[in-house]
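Here are my notes on this one, as numbered points. Have the model open while you read.

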Amino acid sequence: MSGALPISVLPPQAAAGEPDSLLTLRAAPQTHVTVRGLSKSFAGKPLYTNFNLDLPRARIVSIFGPNGCGKSTLMNMIAGLVPLDAGEILFDGKSLKDTKIGYVFQNYRDALFPWITAWDNIAYPLRRGGMKEADVRARVEALVKLFEIRFDLQRYPYELSGGQMQTVCIMRSMATEPEVLFLDEPFSALDFEMTLFIRAKLQEAHLATGTTMVIVSHDLEDAVFLADRILLLTRRPTRIAELVSFEMARPRLPEAVADPEFVRVKAHTLEVFRREMNA
Amino acid sequence: MIGVPLGVMLGSSEAAYRSVEFLIDFFRSTPSSALIPLFLLIFGITDINKIAIASFGAMLIVLFNSAYGVMNAKKTRVMAAQIMGVSKWHVFKDVMLMESLAQTFVGLRSAVSMALVIVIVAEMFIGSENGLGHRIIDAQQVFNVKEMYCSILVTGALGYLLNLLFLLIEKKLIHWSGKA
């Protein structure tokens with residue numbers, strides 16, 4: 001992949017005769033999330049100007065880039081936590097309020113509700129969504145089975161370890177069967193053992209549900225390991241530097257970090273990152 | 001004698017909860033003891049007077065603390081609830097209100113102490129028929145030092161016990177404080 005960006009990132013050129021409006025740019029096939037004309041400034045300084053992006057369905061995309069390039073901001077704008085200055089973001093043509101999403105925060109301690117048990121935390125979005133109690137129980141039990149939970153979910157969150165808390169967060173975010181799952185640096189507050197654990201669990205969940213996932217990471221290995229595509233951003237004003245494909249078979253075991261394909265992709269990603277870092 | 005301050009405490013918490021409005025409303029609260037003459041004018045020399053002043057003073061404290069507690073609710077937690085698509089009312093009830101409880105209880109305990117102070121002071125100077133404050137000032141006036149010290153100690157013990165009571169309630173209710 002030389003200078004030209006791969007198809008799955010940029011929307012294809014409008015066919016001849018079609019009006020050249022930004023919003024009518026057709027999305028590449030297999031696209032789930034379309035970002036068109038996104039603009040965002042902070043304190044008068046532009047961060048994103050007319051930014052376009054297609055996120056593929058049922059794939060895990062990592063967002064990676066130099067400091068201040070707006071990785072978290074981009075994801076938060078797509079997730080609706082940060083308002084856009086201009087542009088449109090659609091999920092299969094639907095707007096955010098018609099779409100079920102999940103979000104996993106970096107700070108799991110502050111994301112969970114300590115006044116109710118871990119089990120009730122997972123059930124919370126279901127109950128608030130009006131689900132009948134029997135269905136809620138069934139759904140949570142299904143998640144417990146999927147994640148092979150061995151610790152006591154009847155405990156309060158603050159009685160659990162960091163990795164357990166983050167697992168509960170992931171379960172809670174997946175409880176409503178979201179179309180897209182956003183994860184903001186999910187491993188940065190975890191020790192390595194827990195990182196391996198969560199990596200495995202996330203992969204299993206992804207394989208089982210086919211949920212489109214977007215992960216922001218400031219760790220290169222984390223960004224590459226789980227991803228199908230690694231979205232590399234430039235410094236501000238932020239554009240797409242490259243979308244690196246990583247097609248290694250799943251599930252990827254911890255040993256994969258020694259695999260030549262992983263090493264190659266990671267090295268290439270690093271090269272692009274450093275190029276952008278020094279730009 | 002002892003029942004009156006207790007009733008005052010409970011009364012003031014009820015009033016505070018009912019009037020709890022989480023607005024950013026910073027107004028200067030004049031020292032409640034300075035308001036005693038005003039309340040005298042309004043209520044006269046009755047027991048209701050004491051309850052009124054103490055309730056008012058206590059309510060202010062609880063209000064401040066509750067509002068402060070809500071404003072300082074952990075933003076991540078609020079965002080987590082919002083992004084789960086929960087209605088605004090539920091975000092308030094399930095997250096902000098719960099988050100503010102710890103701070104509210106701090107306010108309650110301060111308010112309890114404050115109310116006790118006001119009641120004792122009021123009893124001393126309004127001229128009530130009974131009450132600890134009355135006993136203290138009476139004893140002082142006739143130089144009955146033993147009686148005076150005794151009453152003061154009882155007052156202190158009362159304050160301590162009330163504080164302890166609220167502390168225990170808080171520990172039972174807010175099991176997560178300091179841990180999350």
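1. The largest nonpolar core runs to 79 residues, and Ile63(A), Cys169(A), Phe182(A), Val214(A) and Ile230(A) have the most contacts inside it. A core here is a set of buried Ala, Val, Leu, Ile, Met, Phe, Trp, Tyr and Cys residues joined through C-beta atoms within 7 Å. Buried is 20 or more other C-beta atoms within 10 Å, exposed 12 or fewer, partly exposed in between, with C-beta atoms placed from the backbone. Helix α5 (162-174) of chain A gives the most to this core, six residues. Apart from this core lies another of 22 residues, including Leu108(B) and Ala111(B).

2. This is a predicted model: local features need pLDDT of at least 70, side-chain atom pairs 80 or more, while totals for chains, interfaces and linings use all residues. Residues count from 1 along each chain as its sequence is written, and chains are lettered from A in the order in which they are written.

3. On the contact between chains (C-beta atoms within 7 Å), chain A puts in 16 residues and chain B 13. On the chain A side, α2(A) brings the largest share, three residues. Helices (H or I, at least four residues) and strands (E, at least two) are DSSP runs, numbered from the N terminus.

4. Two cis peptide bonds to look at: Arg236(A) to Pro237(A), omega near -5°, and Arg250(A) to Pro251(A), omega near 0°. Pro237(A) sits in the loop between β8 (229-233) and β9 (240-245) of chain A.

5. Check Ala43(A) too: its phi is near 50°, positive in a non-glycine residue. Ala43(A) counts as exposed because it has 5 C-beta neighbours inside 10 Å.

Definitions and conventions: Two residues are in contact if their C-beta atoms, placed from the backbone, lie within 7 Å.
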